[in-house]
Amino acid sequence: MPTRAPRRRRNLAPVVFVAPFLLLFLLTFALPIGYAVYQSVMDVEHTGALGLGGSHTVFVGLGNYSDALSDHAFVRSIGRVLLFAAVQVPVMVALSAGLALLLDSASARGVRFFRAAFFLPYGVPGVIASILWGFLYVPGVSPLVDGMSHLGVSVDLLGGNNVLWSIANIVTWEFAGYNVLVLVAQLRTIPAELYEAARIDGASAWMTVRHVKLPLLRPALILTTVFTIIGTLQLFAEPLVLKPVSSSIDSAYTPNLSAYNEAFTNDNYHLAAAEAVLLALAAFVLSFGFLRLINKRGGDA
Amino acid sequence: MSRTTPRRRSRGALAVTLAAASLLISACGGSTGSKDPAVQKPVKPGQKVDLRFWSWVPGVDKAVDKWNATHPDIHVKLEKIPAGSSGGYAKMRAALKSGNAPDLAQVEYQEIPSFLLENGLVNLSQYGADKDRSKFVDWQWQQGVFDKAVYAIPQASGPMGLFYRSDLYKKWGIKPPATWEEFAQAAQKIHDADPKAYISTFPAGNSAWFTALAWQAGAKWFGVNGDTWTVNINSPQTLKVAAFWDDLRSKKVIKTEPDFANGWYKDLQSGAITSWVSAQWGDAIISGNAPQTAGKWAVAPMPQWTRGSNVSANWGGSSTAVLKGAGHIPEALKFAEWLNTDPTSVDLLLQGGYGWPAAADGYKGSSLDKPSSFFGGQKYNEVFAEADKSIDNSWKWIPTIDATYQHLNDGFQAALAGKGTFVSAVQQAQKQTVEDLKRKGLKVSTGQ
Amino acid sequence: MSLQTPAREVPPRGETPASDDGTKPGSGITEVTTRSRILVTGLLVAAAGYFLLPVYWLAVASTKSTGNLFGSFGLWFSHPQFLSNLRQVVTYDHAIYLRWAANSLLYAGVGAVVATLLAAMSGYALAKFSFAGRDTLFNIVLGGVLIPATALALPMYLLFSQAGLANTYWAVLLPSFVSPFGVYLCRIYAAASIPDELLEAARIDGAGEIRIFTVVALRIMTPALVTIFLFQFVGIWNNYFLPLVMLSDSKLYPITLGLTSWQSFADRQPQLYQLTVGGAFVSVVPLMIAMVVLQRFWRSGLTEGSVKG
């Protein structure tokens, strides 16, 4: 049976190819999630006022979840990132799509320079971008804030509710260029015949955008949206770095910040595990929900 | 093609993966049991020992160098970490959890109970630490003693006073306020004299500062009775302090920017912030971050709630502790004692600006005991020497103090955003602190 | 569930003259008026100003002394001393900055190479072999795309610390090896671009599966792999939460963590403000150059990814 050996090898091949990834995936995704779920239903009990009598771990069921969900600060932090996402996602997508269309328009000159300029901030890590913008937000240090106050406009970019939008600005600055690049790349794949057809039909530039370009951007826009949603829920570095210069960022400003503080400042690992599980669940439900919505509505596209 | 073979193969692969995963889990289970902390013996003379030490105190590098030069057998490797509340403690807790903690670490007084609760500190009484008691100021020594055992060697405290811009005060005809009432009046006068100038900021994100003010006003937030904690944050004394700052805030005669931040340094430098109620170690902060204001500062005693009294408080204060898992505890203890009592070491730390010495004879004749040109030739540390004797020594800390600070910060910040007041923030923090302690499985009662 | 959006027939890249010379297929079909040109250019210039201003500020700030950082106008030079700042950045604390830079390169470089390879292997297998549980597996991997990495970092830290892996290079590397998004991209790309006939022909010629993969599949998948590599590289380079949670020894820090640790010391040692700003500038410059130079690769791969999706 001459073909037997190759076939055996062929049957073994996918296993060999998938195994390393799968093993690491289990180690860094499945196992941590399982472990977080396990940790989240346990808690530590201490004996004596300072625990000098020892401590032991006990099963508390959903106790940590009800603690997390009855913690106003944590619940508010979820509301805050949802609000953030509700504004950030459309702004980001609209800005990127707008810039991509401008770059792609017949009137644009110096396209390469602009593309590079927009894309540059993507190479700046979030924490460094936040340190940088932090300097540009602090009154007395920032040339922007001081310049505006000379013009009689006094804004507190770090106070009250403004700081959330100051963070949104940092995130937009970091990632808009990347999204522009994706969208421009996609626009470039539009075959010339489509434009030709549009021209023959007498379509204006605007109608070409509306009826030819935008629909073709759809898959890239969906991808951008899903990643923005997931990224938004993870918001951590930006508020953490801005916290010392703003009096409006509290210890539970975002769900991630809250979990980090519970784990490493307050030593409530089990509560933190519950918060991490809730965060993962929220991200999963939201992005899954969005995809379902899109697939249902766009089923005929 | 046969369909059974691949299925069996993939099942096999799955089994292998699961086996690997469960191996990891069981490995985890195996390593959690902590070893019995048998008392370690000192190493034989001549044997070399390496110690790791985590600290953020300025000047400590020089002291460590000095130690290494004079103690060839016990080498201390200093690793600079961020200041405790800006991430240093998070690092220590993480390291304790991962079994990678250094031998020694900087631990502030208010954090000692929380590290105890995490089972992170070594009982130094087993190693004869009690014999050093007489070398330290008594109240600072007591900060490291729990259940009659020593868990930390005191290093420095933060007796408080009032730093102020003597040039500006003079220009506007204002005397340094002796009482809080005068402080409020001065706040108004300063802001009237120059609309860009303020007497001070209220750092909403730095409740440790507010805590010190409450301490001065006579509050006693925490106590322990047997194995039950008492929490009394919302005492009349604390509420008085909160209402005082609420009042200044509503009159808009103070700033509300964060301290220890770019904008605040800029304001110190430019004269937009003209005073700072702070601990002795604030001198290095001012001189380091506002170097152009040299010669323009002076120090007065902390404003009083009762005219003629002389009550100060403590802000900060730090110890050297030996962490669980240390490989050479007797040697680590030896270093901790030397670091905080040896005159050369204490003087190097003082020059770095580490605070007020815990060593009983630390101040007299040290580099603190001199006039300073930055402070206009004033022998300003005399003010703090006096303050150090006027601190209520019975103040106690709870193991969840960080969470309490966070609640206060969050409440104060909310007040600045127009939600509630500083007073309501204090009330809220009382409730939340009780909850925090209960969460840890500790017994709590409120008030007395 | 599927991230897949309706597949679309797209001409091979060669037929779209497009991209690299800055002209586009759309040009010339519409009359370009001077007014629209001014308007479009004005908007693009404004946007470029927005994206470049902070970078310009950083460049200016990196030449200043700490005193001037707070004491002089932010958008213009004041007693430039870039070289002495640079020397301080690289020599401070026994040249720890260079170590951080090397660590960042190690994490991002090794992490991205391994992640790309693993993603290519499993993406290829998922696309080109039928085996039991294939779709389930693919769906689980897709689920992985949707789970925030930071939600995993905490439990992973607990696990790793019990296994003695926390605070080691592995603590950052192991999670960096896994890119569910990469697997997703590779599967889609492989399904669309590797013809089954080619694989069959290779098998008939007697080539082994591994050889077919390395010689045939990897070469065809190169554009997607470049994208995954760059995506993962930047992701790891920019990562903050994972190293923050995992590492406590500053010798293991990547640049992001190192610079924030400098910033956190700065109130006691004000010169560190300058070091933070200077260090940020030095770290950002090479990556920005790489971004600009690699744009071409990056772009072509991305197109494949999103379009083939």
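Visitor: In what orientation are helix 3 of chain A and helix 7 of chain A to each other?
Guide: In this predicted model, helix 3 (residues 72–104) of chain A packs on helix 7 (residues 162–188) of chain A at an angle of about 40°, with the axes 7 Å apart. Angles under 35 degrees count as roughly parallel, and 65 to 115 as roughly perpendicular. Helix 3 and helix 7 of chain A are therefore oblique to each other.

Visitor: Is the crossing of helix 3 of chain A and helix 7 of chain A left-handed or right-handed, and how many nonpolar residues does the contact have?
Guide: The crossing of helix 3 of chain A and helix 7 of chain A is right-handed. By class, the contact of these two helices has four polar and two charged residues, and its nonpolar residues number 18.

Visitor: Which helix of chain B gives the most to the side of domain 1 that touches domain 2?
Guide: Chain B is divided into domain 1 (49–151 + 318–354) and domain 2 (160–314 + 392–446). Ten residues of domain 1 of chain B are in contact with eleven residues of domain 2 of chain B. On the domain 1 side, the most is given, with four residues, by helix 4 (residues 112–117) of chain B.

Visitor: What kind of secondary structure does chain C have, helices or strands?
Guide: Of the 309 residues of chain C, 51% count as buried. Among contacts in chain C between residues at least 6 apart in sequence, 74% join residues at least 24 apart. Chain C has zero strands, and its elements are 13 helices.

Visitor: Which helix of chain C gives the most to the side that touches chain A?
Guide: In this interface, 90 residues of chain C are in contact with 92 residues of chain A. The elements giving two or more residues to the chain C side include helix 1 (34–61), helix 3 (82–128) and helix 13 (271–308) of chain C. By class, that side has 60 nonpolar, 25 polar and five charged residues. The most, 15 residues, comes from helix 13 of chain C.

Visitor: Does B:K252 count as buried or exposed?
Guide: B:K252 is found in the loop between helix 9 (236–250) and helix 10 (262–270) of chain B. Its phi is near 60°, a positive value in a residue other than glycine, whereas most residues other than glycine have a negative phi. Because B:K252 has 11 C-beta neighbours inside 10 Å, it counts as exposed.

Visitor: Where is C:H94, with its positive phi of about 55°, placed in chain C?
Guide: C:H94 is not a glycine, yet its phi is positive. With 9 C-beta neighbours inside 10 Å, C:H94 counts as exposed. The residue has its place in helix 3 of chain C.

Visitor: Which residues does C:N68 touch, not counting those up to four places away in sequence?
Guide: C:N68 lies in helix 2 (residues 66–71) of chain C and is partly exposed, with 18 other C-beta atoms within 10 Å. Its C-alpha atom is separated by 9.7 Å from that of C:P80, twelve residues apart along the chain. Beyond the excluded sequence neighbours, C:N68 touches C:S78 and C:H79.

Note on methods. Residues numbered from 1 in each chain as written. Chains lettered and ligands numbered in written order. Predicted model: local features only at pLDDT ≥ 70, side-chain atom pairs only at ≥ 80, totals over all residues. Buried ≥ 20, exposed ≤ 12 C-beta atoms within 10 Å, placed from the backbone. Contact = placed C-beta atoms within 7 Å. Axes fitted to C-alpha atoms, helices over the stretch in contact; angles between N-to-C directions. Parallel < 35°, antiparallel > 145°, perpendicular 65-115°, else oblique. Left-handed = near helix turned anticlockwise from the far one by under 90°. Nonpolar A, V, L, I, M, F, W, Y, C, P; charged D, E, K, R; others polar. Domains from an automatic or database assignment.
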